[in-house]
Each structure stands twice: as C-alpha cells, then as structure tokens.
Amino acid sequence: MKRLLPLLLLIAHPMLATSLHAFEITGRKWPGGKTDFSINLSGTAPSGIGWNSAFTSAIAEWNSRTPFQFTVIPESQNPCTNDRINAVDFAADLCGGEFGKNVLAVTLNSYSTEILGAPSIYESDIVVNSGENFNIFDGNLGRPGLPGLDLQRIALHELGHAIGLDHSASVNAIMRPTISNLFHLQADDILAVETLYGGLARCAVREFRFGLINDALDESDCTVEQLTASVGDDSYIDLYRLDVATRSTFNFAMNSSGLDSVLLVANANLQVIGYDDKPRSAPDRSCNSSLTITLSPGSYYLLANTFDEPLDATCTTAGSYQLSTTFSSASFLTFAATESFSGGPGFGQFSAGITANNGLSYSNRFRSTDSLDINATVAIDAAHQGQPGFLVVAALIGNEILMLNAEGEFVAYANNGVFERAISKTLGSLEQVLIASDLVPASLGITSIVVDFVVGYGLDSNPGELYFHSTPLNLTVTP
Ligand SMILES: [Zn+2]
C-alpha cells in the first residue's frame, strides 16, 4: 500500500516502463474486466456493410481473443454525456471541441481513484470524426476501388483505449498510434490485455480459514504492482479468498513482530472496500494491523499487505505475520465448499455455529468461562436420503484428531480409516448434530485452545467414504 500522503494527489501517474513488450498500460482498467457498450450506428459504408457492424465485429474480436468482455447494448446513446453509459457515435466536433488535425476518432475515458493500484475506468465513450471518409474492408488501405479508411480497424483501436490500453511502440499492433494495413488484433495487443487484467491469474490466491494463519510477506509473493499491473507500489501482498454465505461482522488481525502490516478487504473485482486506517502515528503503534468490517453474502479477498515504505522505523516491509479472524453473525455459518475422501465431488450442505448466548449470535472466539453450545446441520444429498448411514464430527487440535463417539465424548482417532460415529441412522433430508452443549472450557481446565471442527456423513454401504465441508468450523478460546 502507498503511504497516504496529501502530496500524492499532485503526482502524475507515470507510464509503465516496458522493457520486454512494446505495449503501454498504466494499470487503469475496468473492475472485473468487463463492461457494457451501447452501439446503434445507422448508415452503410460504400462497401455495403453497415457502420454498426464495424463496432460489433471489433467487439467480438476483443471478446474472443482476450480475457476482456464487452456486452453490446443495441441502443443509440450520446458519447458526450457523462452518464456512466459507454457509447459511440459520429460527430462533426469533439463534444463541442475541435478534433485535432488528422484525428479519425477519439476515446474519452473517465476514472475514479482506487486504494490499491491505478484508478479504475467507469465510463468510456468513442467519438468518430464525421468529417473523414470511412469505409469497411479487410486488407491494405488505399487499394483502387476502395475509397476511405476502414472503420473496423479504427473501432478495434478505439475499443483498445476503452479497455485501458495506451499506444504501443510496436509497428505490429492495432494499438500503434496511426492507422495501418493491420486489420486484426496482433500478439502485442492481446498480451497487453492479458497483462492488464491478469493480476489474479499471476498471483497465488490462498484459501481463507478462521483460526490462525501463519505466513510471511517476502520476495516470493506478488507485489501490488504485479497484482494490479500498475506502477508505484512495490509492496508485497498476500491474497486470501473469503466466501461469505451469511451476513457477518468480521474482525481481522494481522500481527507481526517486524512487518509493517496493512490489512485490506476487497470485493470480487479486487476493489478495496475497507482497510485499516487507524492512525499510523498513534503513540501505541506497533507493526500490527486490525480491521473490523461487516460483509454481506458474496466473494471477497482479504489482503495482507505492508506499506511500500515503512511508516515506523522499527517496522520493515518484509517478514512473517500471523492472521487471526473473529466473526459475529446472527445465524450458523454455511460452508459452501465440500469434498469427499475419494476425491470425487462433495455431497451435502453443511452449516454449523458456536454460541454462548443460546443462539442470539454465533462467533468463533470465546472466553474460557463462556458456556458454549456447538451445533451443526447437514442437508443430506438427495441421492443418499433414506439409506442407512452415519454422521461424524472431527475436532482438529494441532496435529491431534479427536472424533465424537455415540456417547457424546471426543476420543482419539487411531488414524486407521475407522471413524467413530456420532450418530447412526437412516439418513433423512436434514440431520442435526449436537457437538457440545453447555461446554465451559475453564471447567475442563482449558484456558486457551484453538479447535477446528469438521462435520461429515457417510453411508453404511460404503463406510470408508466420507462427505464433509472443506473449511473447518473454528473455535478459539482465550482466557
Ligand atoms: Zn489511439
């Protein structure tokens, strides 16, 4: 993350220095790599092809050959109004201004700032200079019997600007500054889009889990520059994918003895929606970071980051950290990801929760003196309902695995493929599993512990196979 200094607003965004490729990008892009474009041009080129087809065919080419996706909206809209609608039209002037000499068309992009990386594009409009002579054809320009300039390759070029590309220094690019005999996208153009929008593919995305995560920020990680394809922020960043099924309030803590930690939460399009903005000059400031945020159901990224220059001389820009997460929600957690021992598809749907107030709220972090009720529900797959089967509960504590037996006690798992059965019965559509009730850790002599619970079910006809949820139900007990 960049240091948030007032002067930042006065610094121009430099172009990306390209040593390997000729294309130019600044990192300015559409969140999510897609947008709508309104196109409804009337009239026909001298070659007999409708003007509209120049743009719809150009869009089809960008869509089929790059990761960027336009959706054509067949409507006529004014490209000169700032209305968050992307539009194209012919005009004699550039929205009241002059077209420059020899200018065939202009793309006007509007941007909004982002916390990480370059600003994002929120509107893109194309104005085609109606004072020029156009046509539609493939192949070389200036051939006898083919008057005018091919509008389709101009559309390809302007839509490249709409995607976020600048001019390429390569002569073998549609994004070269001047029109040429090239009439299809070139490798340089395609690589530019792949680079601009490939951040999530370039950087490892880790699975989020409750409880404790120990990791580090160092040169093996992506930088913000690599993630966002922009320049100016070479801080390391780890990404954790967080799928929220139940509206919950999360408290994330990133603790480090040396790393100048910064926590951020981004939406599925990698736009930051919350970050640790505690005063960095606070007298009790450490190298830690914490963030509390309420998230509605959806997909998010938790980003473990650091300042590109440490704010505090006692902290550094690389080093190990520990993530811990507390949540609070009004209902059970639903675990979207499931799996099975055979490696086949997961079956069933699992929800579980731990409460210290009889179900008013659910969390994963409790005091050792709290009285805990731990419950789960399993929606049995339709194919397995009505069959004799069983439900299991595993408790993972460090390297130890305990399993709940039919008497309601957790016993050591012998690691022999024979599972203790918490419940044996003919499986219905929705099974309830009581994991613990009125459990007071302190009364068992436990003052602090981290336990990950996993609930699963199986069939008597195939007792070695288990269906279970991939992310455990975490319980963290502190004194
Ligand atoms: Zn251009």
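## Pairing of E4 and E5

In this predicted model, strand E5 (residues 120-129) runs antiparallel to E4, and eight bridges join the two strands. Within this pairing, Leu108 stands opposite Asp125 in E5. Strands of a sheet pair through backbone hydrogen bonds, in either a parallel or an antiparallel manner.

## The sheet and its helix

E4 and E5 belong to an open sheet of three strands, ordered E3-E5-E4, in which the pairing is mixed. Strand E3 (88-91) and strand E4 (105-112) are the edge strands, each pairing on one side only. On average, and with direction ignored, neighbouring strands of this sheet are turned by 25° against each other.

Helix H2 is formed by residues 151-163 and lies across E4 and E5. The helix runs at about 15° to E4.

## The surroundings of Ser368

Ser368 counts as partly exposed because it has 17 C-beta neighbours inside 10 Å, whereas a buried residue would require 20 or more and an exposed one 12 or fewer.

Residues up to four places away in sequence aside, Ser368 touches Pro441, Ala442, Ile446, Thr447, Ser448, Val477 and Pro479.

Conventions:
Residues numbered from 1 in each chain as written. Predicted model: local features only at pLDDT ≥ 70, side-chain atom pairs only at ≥ 80, totals over all residues. Contact = placed C-beta atoms within 7 Å. Pairing = 2+ DSSP bridges. Helix = DSSP H or I, 4+ residues; strand = E, 2+ residues; numbered from the N terminus. Axes fitted to C-alpha atoms, helices over the stretch in contact; angles between N-to-C directions.
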